[in-house]
Number of protein chains: 2
Amino acid sequence: MTTTIKDIAKRTGVSHSTVSRALRGDPLISFATAKRIQQAAAEMAYLPSAAARSLKTNRSQVLGVIVSSIDDPFFSEIVFGIEEAAQESGYRLFIAASQHDPAREQKIVQAMMEHRTDGVIICSSSFSPDQGRQLLEYGFPIVVVNHQGAENFHYSIFHDDVDGSRQITRHLIDLGHRKIAYLGNSLSGRTTLDRLTGFKAEMQSAGLPVPAEYIHHVAGNSPQFGMDDSNYLLNLKQPPTAIVCFNDMLAIGVLKGCRRAGLNVPDDISITGFDNIIFSAYTHPPLTTFDQPKQSIGTEAARLLLDLLHSSPDGKVFQPKEIILKGRLLVRNSTAASPKEH
Amino acid sequence: MTTTIKDIAKRTGVSHSTVSRALRGDPLISFATAKRIQQAAAEMAYLPSAAARSLKTNRSQVLGVIVSSIDDPFFSEIVFGIEEAAQESGYRLFIAASQHDPAREQKIVQAMMEHRTDGVIICSSSFSPDQGRQLLEYGFPIVVVNHQGAENFHYSIFHDDVDGSRQITRHLIDLGHRKIAYLGNSLSGRTTLDRLTGFKAEMQSAGLPVPAEYIHHVAGNSPQFGMDDSNYLLNLKQPPTAIVCFNDMLAIGVLKGCRRAGLNVPDDISITGFDNIIFSAYTHPPLTTFDQPKQSIGTEAARLLLDLLHSSPDGKVFQPKEIILKGRLLVRNSTAASPKEH
DNA sequence: GCCTCGTTTGCACACGTGTGCATAATACTG
DNA sequence: CAGTATTATGCACACGTGTGCAAACGAGGC
């Protein structure tokens with residue numbers, strides 16, 4: 001059986017409460033006995049029961065992380081950042097993937113509640129408002145990352161997607177492109193809208209038209225969607241000379257779609273991504289994209305949540321807070337001067 | 001505050017033990033009162049405390065998953081498989097990334113013990129034997145996936161890497177290649193050795209020599225390593241006409257390295273990967289690789305562990321078990337007939 | 001040597017849930 | 001109707017840890 005503080009108490013001849021205090025470093029206990037107890041604990045390979053502690057203290061030292069999918073490298077990197085910050089403060093992560101499935105979201109929310117997670121970070125742009133409300137009502141401190149329903153939550157971390165998208169678009173305009181299309185992902189809620197907004201804004205300020213058929217949405221994040229739906233844009237009567245893709249995953253698919261259609265990137269058409277996932281440096285040609293500080297987003301989200309946790313006992317209500325991070329344009333080789341019209 | 005079974009007891013005028021039984025579906029409780037209690041519980045939005053339950057039952061309904069890194073798409077897909085199976089059986093996941101860092105591994109092991117995880121799945125090929133021993137001594141049921149130290153553990157899931165590597169190599173030999181190099185990842189322990197073994201075996205059975213300089217190892221899994229170290233192989237006096245890469249991540253980097261060196265894949269040189277991660281279909285050219293059933297590996301690992309958990313109370317000791325899964329060769333366009341010697 | 005004060009430890013209860021056992025309520029048998 | 005079998009419920013304790021409070025201990029001052 002696993003050793004408990006009672007076992008240690010028996011062996012050292014003190015009460016279990018003394019052991020508890022000694023191990024927690026309570027100054028009430030004399031240095032001599034504290035040391036004696038700690039040594040005994042080490043020898044007996046004692047490890048406290050998280051369940052018992054959590055039951056008593058009402059704190060689990062666990063942060064819930066809800067992400068739409070684990071196998072999306074964008075989210076993986078954010079999670080990586082979260083874990084760095086969490087582990088630094090002695091917190092553990094409870095990661096769950098919603099997979100855009102409401103039933104699954106329901107189960108996740110329930111599990112978070114049952115485990116009395118100390119707080120929750122939502123990274124799933126499509127997370128259902130109903131589930132969000134449930135979490136809020138339960139009293140969880142919540143930090144949302146790039147989330148569409150952010151108006152309901154008080155603490156959020158944003159990457160400035162509007163600005164990023166403007167920079168990407170400006171880059172293409174500067175290269176002489178005038179017929180630029182946008183390929184979005186309808187499942188990405190606010191994120192795709194922000195990027196679309198930035199795109200439109202920059203086009204407008206350059207006095208360039210954006211015909212309705214130049215804005216197209218797919219329903220998923222895999223390269224497959226990008227490849228399949230690139231046909232739609234390429235087969236338009238007036239095909240674009242550049243495509244601004246919602247993110248790198250789609251852009252990677254679009255690159256292949258173009259190649260299949262016999263188009264040379266970037267000579268015949270320019271393609272841009274967004275996020276700078278690791279693979280975007282290895283496509284052919286390497287992808288021009290917007291380098292989003294994914295890891296920082298994760299660590300900032302975790303730090304904000306931890307701040308919230310450690311200051312709430314004071315009873316003072318935190319001011320709503322919105323942290324906006326900026327990335328940088330990363331010009332590689334999938335963009336070039338607009339092809340001359342014949 | 002959160003509602004407890006005592007609150008429900010008060011409201012329904014029964015004792016808290018009756019509530020406990022009613023909610024657990026204990027047939028001791030009459031149908032009428034059980035229904036009444038369940039309804040009250042639903043109205044009061046009752047959710048059991050995982051901590052309390054786990055403390056009392058000594059079962060956490062949580063599986064620990066140790067993975068070397070989350071942002072490696074290969075592991076992500078395995079984790080995805082694990083989660084599918086776990087959630088089906090009402091288990092939750094406790095995921096932690098070791099990052100090849102012993103200090104981190106130590107913390108992870110400790111956390112798993114403190115949380116009294118019901119079992120552990122180790123997917124980190126470089127996981128330290130010391131930590132593994134500690135987990136074993138603690139009494140965790142453990143399932144290892146492709147792990148180097150599998151001899152110490154009784155239950156394991158393997159992909160038949162030796163066979164896969166032979167098939168890949170055979171494919172290249174059939175295409176007329178005679179000078180074939182192997183690029184491994186020294187951090188991947190047994191996995192890279194198995195693949196190297198298969199490679200050598202097939203070369204030998206074809207009567208082809210493998211000069212020592214044709215076997216090269218890098219120390220990491222990112223495409224960057226593949227790109228950087230491809231130079232070494234390409235600059236040999238007798239450069240190979242084909243490179244068998246440890247996995248897709250490295251192969252993706254090698255593809256870029258070849259392009260940089262002015263080589264055309266597959267006309268000048270053939271490249272193969274391993275794993276079939278999602279991006280391998282979108283490289284240029286699309287990567288010939290070995291399609292490993294990643295998701296199945298995950299679900300099988302989880303199922304094996306769950307079987308272990310549900311049968312151990314009988315006291316009967318399980319026979320050691322090793323499940324070997326097979327994948328299939330996936331020929332795409334990064335391999336072609338060996339270039340003619342001039 | 002008595003009182004006071006500060007330090008160190010133990011007692012007892014609490015957290016929320018599960019369960020063996022005793023007891024109360026009901027049904028059944030003769 | 002008494003006695004017994006059956007069913008339904010409650011009591012009390014347990015899981016491992018943390019903590020307010022009382023008690024024991026020792027030291028110092030007069």
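This is a predicted model: local features need pLDDT of at least 70, side-chain atom pairs count only at pLDDT 80 or more; totals for chains, interfaces and linings use all residues.
Visitor: How many residues of chain B are in contact with chain A?

Guide: 56 residues of chain B are in contact with 56 residues of chain A. To count, heavy atoms must lie within 4.5 Å. The area buried between chain B and chain A is about 4,900 Å². Carbon and sulfur atoms give 62% of that area.

Visitor: Why is the pair Arg104(A) and Glu84(B) called a salt bridge?

Guide: Set the distance against the cut-off. The closest N and O atoms of Arg104(A) and Glu84(B) are 2.8 Å apart. The limit is 4 Å, between a side-chain nitrogen of Lys or Arg and a carboxyl oxygen of Asp or Glu, so the pair qualifies. Across the interface of chain B and chain A, the rule finds two salt bridges. There are also 13 residue pairs in polar contact across this interface.

Visitor: Which elements of chain B each supply at least two residues of the side that touches chain A?

Guide: Among them are helix 4 (50-57), helix 5 (73-88) and strand 2 (92-97) of chain B. By class, that side has 31 nonpolar, 15 polar and ten charged residues.

Visitor: How is chain A divided into domains?

Guide: Domain 1 covers 5-48. Domain 2 is 60-159 + 294-325, and domain 3 is 161-292 + 329-341. In chain A, the contact takes 16 residues from domain 2 and 16 residues from domain 3. Together, domain 2 and domain 3 of chain A bury about 1,300 Å², with 52% of it on carbon and sulfur atoms.

Visitor: How do you know that Asp291(A) forms a salt bridge with Lys294(A)?

Guide: The closest N and O atoms of Asp291(A) and Lys294(A) are 3.9 Å apart. The cut-off is 4 Å, so this pair counts too. Between domain 2 and domain 3 of chain A, the count is one salt bridge. Six residue pairs are in polar contact between these domains of chain A.

Visitor: What gives the largest share of the domain 2 side that touches domain 3 in chain A?

Guide: Helix 5 of chain A does, with three residues.

Methods:
Residues are numbered from 1 along each chain as its sequence is written. Chains are lettered from A and ligands numbered from 1 in the order in which they are written. Side-chain values use heavy atoms; hydrogens and water are left out. Domain bounds come from an automatic or database domain assignment. Buried area is the accessible area (1.4 Å probe) that two parts lose on being put together, summed over both. A polar contact is a pair of N or O atoms within 3.5 Å; within protein, one must be able to donate a hydrogen and the other to accept it, and residues adjacent in sequence count only if both atoms are side-chain atoms. Helices (H or I, at least four residues) and strands (E, at least two) are DSSP runs, numbered from the N terminus. Ala, Val, Leu, Ile, Met, Phe, Trp, Tyr, Cys and Pro count as nonpolar, Asp, Glu, Lys and Arg as charged, and the others, Gly among them, as polar.
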